[in-house]
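Good morning, and thank you for joining this group meeting.

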Amino acid sequence: MNPQKDTNPELFTLDIGGMTCASCVGRVEKALDKIPGIEAANVNLATEQAKIRLKADSGVKVDEIIALVEKTGYSAKISKSHAIPELAPSKLFWGTDGLGRVILGFALSAPLFLPMFLMPFGIHWSLSPKWQLLLATPVQFFLGWRFYKAGFKSLMSGVGNMDLLVALGTSAAYGLSVYQMIASPHASHELYFEGSAVIICMVMLGKWLEARAKQQTSEAIRALQKLWPEHAKVINRNVIIADDSPLDQFRDLPLDQVFPKDRILVLPGERIPVDGIILLGNSHIDESLLTGESDPVKKHAGEQVIGGALNGEGLLVIEAQAVGVESVLSKIISMVEDAQTQKAPIQKLVDQVSAIFVPSVIVIALITGLANWFYLDDASLAILRAVSVLVIACPCALGLATPAAIMAGTGVAARFGILIKDPQVLELAHRLNVVAFDKTGTLTIGKPRLLEIIPLSSMVTKDDILATAAGLQLGSEHPLAKALLDAAKQKGLGPITPTDSKALPGIGISGKPSSGIFADQSLSLQSIASLESSIHHSEILEKAQACFDGGQTVSVLMSNDSSLASPTPIAIIAFGDELKDDAKQAMSSLHQLHISTVMLSGDNTAAANRVAKTIGIEKVFAQVMPGDKADIIRKLQSNNGKRQFVAMVGDGVNDAPALATADVGMAMSTGTDVAMQAAGITLMRGDPNLVANAIDISKRTWKKIQQNLFWAFIFNATGIPLAALGYLSPMLAGSAMALSSFCVLSNALLLKRWRPTHQ
């Protein structure tokens, strides 16, 4: 695999180590923004990554960027392709945020804080000051060294972070206790070693819980990563593939040594290692983790398969088409990773608040300490209350509130075939008023068949027209082109190869047949909508009325030969396309969500209305040229001056402008790459029900973001005054701070229980 996650050389990702709160994110972004060659930088706390886009010909080297990040106080390295490693047990136990360190810390601290719990039972016991010092010191300076190190670096860079607050707070409590021991060794003083030790232990516990929760939010990507086999059985080049040929001559090669056109042997029960076409065999293929489709799909020779899918009962030979980063699975992982790395727009507000949060807290803590000292005349109490303010205000929960919810929501959506690649749609989905659908391939199966040919001249036969029209469509991927070619094949007619073949965007296709009755004539196969200005338009409509009444799609074969006074129709060609079984249920689900439905179609009004009435669509725009779809979306958005939020669902190249114009674009993966690039959401199956499910999970994710931000803000807004007034001891403040981060992450992880409700 490519060691760099992004194939675009001007776009790359860094793994950032050492970030602990939202202020850290601001520090790294601020440092990156100072580099002239960087066009944009996006740092994410939950994924601990920075996505960086360089300006064209910037001349900036990655090593220079890494050096600057490290100078700021954090580690940085190039992120490997789809590398989200699961924490090894040893690292999870003894690492910086390991459980082993947490257990050791609490073991050393237990004798310090247990006397507090014994006092209500009349047991007054405590360790001597020297023993307290002996137990608290390794916690403070060995286990807590990470806070000093990171806090010092943040101080040197002029921006505070959570580690600085913890280091300042615990050092004040520890230092006060040591001072009282030395200044009055024989006097009876209340010492606060237990406070500093427990704060460090609770923060460490919170960081360990965060690390565990972050791993869970990335489960969706790791599940997809595990679909990739490590090796592929590549059949030797000299082996001739046939039903009776021996298939024992293969090499077991690492996946990065497989190339397009290689022939791969896949045994029953194995995962398919590459995207490709079946050359030999048939089987049921389980694509559930890729598309969300629970039932295995029957596949035959000549059909495409996706790398990562599970082969059923049959032996298959596959010709590799896409491997590595070009495969569908790799692109899916990239989409999910990109979504989890990006920020929702509301996160910008959080980052702005966090940038001034830590310095403000330090000022508040100083004011708290001075005010309490002045009014209470008790330096010890003043320091403790200032320490409580420093500890309770750590903005961990604030920094994790949004990215944790995005990671969990986009991850669970991917499991069910919904790829949310633009977090902005999460903020817009709950406001949707209208969903507009393209018809062909979105609401219909997208595999129309030829129903009728109506010659408009007695000089030509239906077979002449079919062979000529099929020839014009050679090489085209349009559904109507395939219908013509299939019909010609069934009749045993060879398509007549054209010269000067040219696609006419939004109109059709043109060319000159190389032989036959229309040899060297300039012909075009066009849609009805593109002929409105033709003098033959009314004649064509009259001849095709029966086709319209039957809900058929009509194209016209036109002669544009220079010998004619004007373009002349030769024949009417009618196609039929079946509606998807789930289309009606999908419309009903959207109506239950109080969302209006609209259909955009190039078909004539009668055919479009017939489809709309059958499945329950409320409004129809018929005979729409592809270039006009985006304009209709804009009109729906304005709605005579009243703003509406509109989603567009499509699958073709001509849907891309409308998908980009809509507030939320949803592309069917059964369509083109262009449509998927233009859309914020990709639906991995051609099931219209996924539209309502995508809206549902987007709404739930947005709700979790709001809940997390609310509780994170409320926590700090109420905790700081309580600590300043002495209602929270440093130990309780540390516990509450760790608990707030854990609660935010746990609330986000509830999204993993989501299941599609519209099926």
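This is a predicted model: local features need pLDDT of at least 70, side-chain atom pairs count only at pLDDT 80 or more; totals for chains, interfaces and linings use all residues.

Let me start with Leu557. Leaving aside its neighbours within four places in sequence, Leu557 is in contact with Ile465, Leu472, Ser524, Leu525, Thr568, Pro569, Ile570 and Ala571, where contact means heavy atoms within 4.5 Å. Residues are numbered from 1 along each chain as its sequence is written, and side-chain values use heavy atoms, with hydrogens and water left out.

Leu557 belongs to strand β20, residues 553-559; helices (H or I, at least four residues) and strands (E, at least two) are DSSP runs, numbered from the N terminus. Leu557 has a relative accessible area of 0% and is therefore buried. On this scale, buried means under 20% relative accessible area, exposed over 50%, and partly exposed in between, with a 1.4 Å probe and protein chains only.

Beyond the neighbours within four places in sequence, the contacts of Ser555 include Leu480, Gln526, Ile572 and Phe575.

I turn now to the sheets. Seven strands make up an open sheet with mixed pairing, in the order β14-β26-β25-β24-β15-β22-β23; two strands pair if DSSP finds at least two bridges between them. Why is one side of β14 and of β23 left without a neighbour in the sheet? Both β14 (418-420) and β23 (619-621) stand at the edges with a single partner strand each, so one side of each has no neighbour there. Within this sheet, β25 (residues 664-668) and β26 (residues 681-683) run parallel and are joined by three bridges. Ala667 has Thr682 in β26 as its bridge partner.

Another open sheet has six strands, ordered β6-β5-β7-β13-β8-β11, and its pairing is antiparallel. Its edge strands, β6 (250-254) and β11 (304-305), each pair on one side only. Strands β8 (residues 275-280) and β13 (residues 316-322) are antiparallel and share five bridges, and Leu280 has Val317 in β13 as its bridge partner.

Next, the aromatic rings. How many aromatic pairs does a search of the whole structure find? The search finds seven; rings of Phe, Tyr and Trp (its six-membered ring) pair if their centres lie within 6.5 Å, and planes under 30 degrees apart count as stacked, over 60 as edge-to-face and the rest as tilted. Phe141 and Tyr174 form an edge-to-face pair, because their ring centres are 5.2 Å apart and their planes are at 90 degrees. This pair links distant parts of the chain, with Phe141 in helix α5 (residues 129-143) and Tyr174 in helix α7 (residues 162-183), 33 residues apart. Phe141, at 38% relative accessibility, counts as partly exposed, whereas Tyr174, at 11%, counts as buried. Both rings belong to one aromatic cluster formed by Phe141, Trp145, Tyr148, Tyr174 and Phe193.

Finally, the charged end of Arg643 sits over the ring of Phe645, 4.4 Å from its centre; this requires NZ of Lys or CZ of Arg within 6 Å of the ring centre and within 35 degrees of the ring normal.
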